[in-house]
Amino acid sequence: MTGVLVLALYVGAFFGSFFLARIIFKSAFEKKGFNKLKTVTFGDESAITANRVASVISVITVFWLWVAFTNSAIPLPKFPGPFSGDMTFTYTAELEDGTTDDATVSVRVYREDIQQTLDAEGNPGREPEAAEVEPGDGFAKNDTLTVARYSFKVINVWSNDEVSKKDGSTVVAINGQPIAAGEKISIPEGKVGLTDKGTPTFEPAVGLRMARLYLPAPEVVFQRFIWLNKEGYQGYTLLEHTWYSLKRVLLGFLIGAVVGVPIGYAMGLTGWARGWFDPIVEFMRPVPPLALIPLIIIWFGIGEIGKVVLLFLAALWIMIIAARSGVSGVAISKVHAAYSLGASKWQILSKVIVPNSLPDIFTGARVAMGVCWGTVVAAELVAANVGLGKMIVTASKFQLTDIIIVGIIIIGVIGFAIEVGMRALENWLIPWKGKS
């Protein structure tokens, strides 16, 4: 349900911000001058440029959704949160002879992360004490309970009653509303129910915000980011984890490009190479790198070589296909024109085929880098001691979600930076892209 709500909010923000930006930044949406128009836009990447207003609004929207669905202290609009504080509910106990008695359960709901918070003396916080209540008259006595937000507790209400459960006392109503074993009753503060054996339970209301275990607030993640840079994790700082992952990805990608591009050129230029390599490439291309981990361990061991080989294989097939596509896409008219001017085969290759195939190769390189970054987590499963993937996997075992999110953000930021850098390099090295 929460996932559907997030999607609906994002879609609503997309269209709402579009119309709002269209009104506020009207000039940015108007086409100026006939010479600025493109006759063909579909299939022409240069015809569409990113609207930076939309980019900023998109990032702000994602950040707001992050804040809105967590218990963040950032002063932005949020969705209803979990209940915390003191509340009571009444249960009715009934004996075998039909005699009934009411008793009150005083519940204190506290923040689930209170035990992770340090006090002024540097000691971990403690679970708050239950409220003091008078036992009351009758055979059913008043009870107390402490429970953390996003938690669930079974309440043994018979522990202080004059008649125990095994002596025939049963709970038949909550707040005056009849209830049977296995049923639940909703109240503003949460849900009170009975187990299949008739023991009362209490589950605090959670609202629409997620617990820190599932999605920590932005400031919590930022604090963990600072802590990882100072204290490190698993014996390495965040910078060291990042450097090792980046080094493996770059090395695997470069080897894949150096090997893959010549094979792709050969497949695009000669029928023999096309026939020889085509079955291998088309067979291996759909195989996910994750499926190769067992073989990588057997063949190359658990050292650094295995990780680089896995990333190499992740990039290899993409670079082969990109180079083959680039060669096959060279207009034959350009080759004929070069031949008519007396160009040799080597000149045709270096002056016509290579320049015209470079745009496809750069596109493949961008895709391959993305795949390698996506594979680095799997690569570092191969007995790695350091790396962003290793940090994420180890943190997941201890349910340290904030560390996991820090790792994911770092991977995303570096991947985005590499993509932007490769686009800039492509524009600088291949100014003729998109031109006849």
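These are my notebook entries on a predicted protein model.

**Entry 1: the whole protein**

I began with the overall make-up. The protein has eleven helices and nine strands. I then looked up burial: of the 436 residues, 36% are buried. The accessible surface comes to about 25300 Å². Carbon and sulfur atoms hold 63% of that surface. Residues 24 or more positions apart account for 64% of them.

**Entry 2: a nonpolar patch**

Which residues make the nonpolar surface patch of about 610 Å²? I found Leu7, Val11, Phe14, Phe15, Phe18 and Phe19. I looked up Phe19 in particular. Phe19 sits in helix H1, which covers residues 2-24. The cut-offs are under 20% for buried and over 50% for exposed.

**Entry 3: helix H2**

I moved on to helix H2, residues 52-68. H2 has 17 residues, so at 1.5 Å a residue it should span 24 Å. Its end C-alpha atoms are 24 Å apart, which agrees.

Which residues of H2 are buried? I listed Thr61, Leu65, Val67 and Ala68. They cover an arc of only 155° around the axis, so they lie on the same side of H2. Arg52 and Val59 are exposed on the other side of H2.

An α-helix has 3.6 residues a turn, so residues three or four places apart point the same way.

Methods
Residues numbered from 1 in each chain as written. Predicted model: local features only at pLDDT ≥ 70, side-chain atom pairs only at ≥ 80, totals over all residues. Heavy atoms only, no water. Patch = residues over 30% accessible without salt bridge, like charges linked within 9 Å, V, L, I, M, F, W, Y side chains within 5 Å. Areas by Shrake-Rupley, 256 points an atom, 1.4 Å probe, with all protein chains shown as cover. Salt bridge = Lys/Arg side-chain N within 4 Å of Asp/Glu carboxyl O. Helix = DSSP H or I, 4+ residues; strand = E, 2+ residues; numbered from the N terminus. Buried < 20%, exposed > 50% of the residue type's maximum accessible area, 1.4 Å probe, protein only. Contact = heavy atoms within 4.5 Å. Expected span 1.5 Å × (residues − 1). Arc of directions from axis to C-beta.
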